[in-house]
Amino acid sequence: MAREFQRGHKAKVSDLTSGTDLYVGVQIAGPGLTFDISCFGLDADEQLSDDRYFIFFNQPKSPEESIQLLGAQAGDTESFRVTLDRIPANIHKLSFTATLDGAGQMSQAGPGYIRIVAGGEEVVKYAFTGSEFTTERAVMLGDFYLKDVWRFAAVGQGFDGGLDALLKNFGGEVAEEAPAAPSQDAPPAFAPPSQASAPPAFGAPAAPAPAPQQPPVHAAPTIAAPMAPQAPAPYGQPPQQPQFGQIPGQGAPPAAPPYGQQPPAAPPYGQQPPGAPPYGQQPPAPFGQQPPGLPHGVPQGVPAAGAGLQAALQPYKEAATGQRWTSQNQQLMRVDLTMGGMPVLARQGSMVMYQGKVDFGYKGAGFAGRMVGNATGQEMQLMRCTGRGQVFLAEEGAHLHPIELQGDGICVSAENVLAFDESLQYEVRRIEGHGIPGGALFTMQFQGTGTVVVKTHGVPVVLPVTPTTFADCNAVVAWSSASQVIISSQVRLRRNAYPGHSGETVNLQFRGAPGNFVVVQPYEV
């Protein structure tokens with residue numbers, strides 16, 4: 001009897017059948033829709049490194065015929081023959097996909113399925129309907145993948161774009177038509193614009209006038225004089241430019257005496273000139289300026305220690321604002337447990353200092369902490385902070401941002417959660433997709449009243465969700481809980497050429513009504 005799979009179910013092929021010569025049937029249809037059903041033979045990096053293993057209507061079999069396209073039969077829209085023990089060692093995954101050829105979207109498709117038949121008996125079947133999708137134009141139906149042994153997974157993952165976009169997602173390249181040749185009467189590319197005298201665009205500075213032609217300089221070599229170090233200008237005054245003919249770094253020549261007068265005689269050797277301070281003392285500084293050698297900002301007559309030390313430490317004193325959560329600086333957060341009377345759940349190891357009587361539930365972090373850590377698989381173990389006192393939290397110099405929720409909700413990547421009030425309701429969600437590191441993106445959805453502290457690498461940017469909002473799955477931090485997240489790929493890659501790989505294989509597309517948002521950091525995890 002066939003096993004009925006749901007989306008995400010996986011099993012060893014050996015648990016389904018003892019055979020390795022398998023029949024794969026796909027059934028998908030919709031009013032006025034035409035589908036292309038294909039199989040991608042991917043390497044260990046889930047890339048189409050050998051295009052001979054892209055099996056579709058123009059290439060119906062692989063070189064050793066381990067994968068063959070059989071056509072429509074037995075009620076299936078398309079069918080394949082897969083011989084697992086003949087698949088070469090460099091192929092680690094077979095991904096079966098359906099894409100729209102022409103207008104339409106996957107939500108218009110009727111009930112369909114992908115099934116496996118071995119020895120004339122159906123052993124597994126995964127059924128789906130178009131209502132599970134929206135505007136996607138492709139769907140990844142199921143995979144055979146090698147993980148010590150061959151396994152089968154029911155995927156059912158929608159994908160924006162058609163067959164071309166899927167091919168690019170797996171590292172292939174679609175041949176493009178050559179650009180049309182320019183008409184004979186078109187102006188050459190180097191011709192000046194037709195309106196060269198038009199005014200510049202609004203708000204843009206006008207183009208500077210061309211510099212006049214310089215007369216030719218004689219061809220005699222120029223001898224550069226050695227540069228002497230230039231004395232710094234007094235504090236708050238611009239540096240003095242050398243006079244014409246004066247070498248930079250040298251003092252200005254003494255001013256010539258009035259006509260008919262003799263220059264002042266130099267004082268005898270060993271004597272100070274008139275008006276000079278006693279030997280060994282600094283000359284008095286002009287009014288409003290610091291004497292030479294005294295740090296700026298220190299009053300005259302005050303020793304460097306004492307008040308200077310206090311002034312140096314003043315900017316870094318603890319900031320107590322009377323609130324439960326207080327940012328001490330961009331990388332340090334303080335929570336006052338005496339306010340609100342509720343515990344705080346924080347990432348284990350994030351406490352850098354505390355004051356008062358505070359208890360930390362390090363071991364196990366309670367049932368909720370174990371649940372989150374085990375579900376995410378990202379070693380996110382929580383500790384429960386209780387008592388009366390102040391706890392200071394930080395992690396690896398990341399920027400910290402307290403977000404206060406008042407009945408609304410937010411989704412945060414589990415990697416970016418530092419701490420939150422225990423009063424908040426939260427659950428772990430998993431976003432699966434081909435090409436996401438680790439196979440999935442784990443997020444935590446928070447709802448209720450309380451504060452969640454989000455950590456980012458650098459200063460993030462908040463963007464409104466529009467029909468064309470995409471984000472790198474490794475850089476996204478958080479988004480509004482009402483937004484819809486779709487795995488998408490819009491980047492062109494080159495087939496069989498890893499040096500040309502862009503590294504941007506998977507994106508997240510966000511959709512939602514006006515008012516939704518997405519937060520992205522200038523860093524990829």
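Reader: How many disulfides does a search of the whole structure find?

Author: The search of this predicted model finds zero disulfides. A disulfide is a covalent bond between the sulfur atoms of two cysteines.

Reader: Why is Cys 39 called buried?

Author: Buried means under 20% relative accessible area. Cys 39 has 0% relative accessibility, so Cys 39 counts as buried. Cys 385, at 1%, is under the cut-off too and therefore counts as buried.

Reader: What makes Arg 151 buried?

Author: The relative accessibility of Arg 151 is 17%. That is under 20%, so Arg 151 counts as buried. Arg 151 is found in strand E12, residues 149–159. Leaving out residues up to four places away in sequence, Arg 151 touches Ala 11, Lys 12, Val 13, Asp 143, Phe 144 and Tyr 145.

Reader: How do you know that a polar contact joins the side chains of Arg 151 and Asp 148?

Author: The cut-off for a pair of N or O atoms is 3.5 Å. The contact between these two side chains is 3.2 Å, so it falls within that limit.

Reader: How far apart are Arg 151 and Lys 10 in sequence and in space?

Author: In sequence they are 141 residues apart, while their C-alpha atoms are 7.0 Å apart in space.

Reader: Which strands are the edge strands of the open sheet, and what makes them so?

Author: The six strands have the order E2-E12-E11-E8-E4-E5, with antiparallel pairing. Strand E2 (10–12) and strand E5 (54–55) are the edges, because each pairs on one side only.

Reader: What makes strands E4 and E8 a pair?

Author: Pairing requires at least two bridges. Eight bridges join E4 (residues 35–42) to E8 (residues 93–100), so the two strands pair, and they run antiparallel. Gly 41, for example, has Leu 94 in E8 as its bridge partner.

Reader: Is Thr 83 buried or exposed?

Author: Thr 83 has 6% relative accessibility, under the 20% cut-off, so Thr 83 counts as buried. Thr 83 is found in strand E7, residues 78–83. Beyond neighbours within four places in sequence, Thr 83 is in contact with Thr 20, Asp 21 and Ser 66.

Reader: What is the mean pLDDT of the chain, and where is pLDDT below 50?

Author: The mean is 75, and 65% of the residues reach 70 or more. Over residues 214–229 the pLDDT is below 50, and this stretch has six contacts beyond near neighbours in sequence. Where pLDDT is low, the predicted coordinates should not be read in detail.

Conventions:
Residues numbered from 1 in each chain as written. Predicted model: local features only at pLDDT ≥ 70, side-chain atom pairs only at ≥ 80, totals over all residues. Heavy atoms only, no water. Helix = DSSP H or I, 4+ residues; strand = E, 2+ residues; numbered from the N terminus. pLDDT = per-residue confidence, 0-100. Contact = heavy atoms within 4.5 Å. Buried < 20%, exposed > 50% of the residue type's maximum accessible area, 1.4 Å probe, protein only. Polar contact = N/O pair within 3.5 Å; in protein donor to acceptor, adjacent residues only side chain to side chain. Disulfide = S-S within 2.5 Å.
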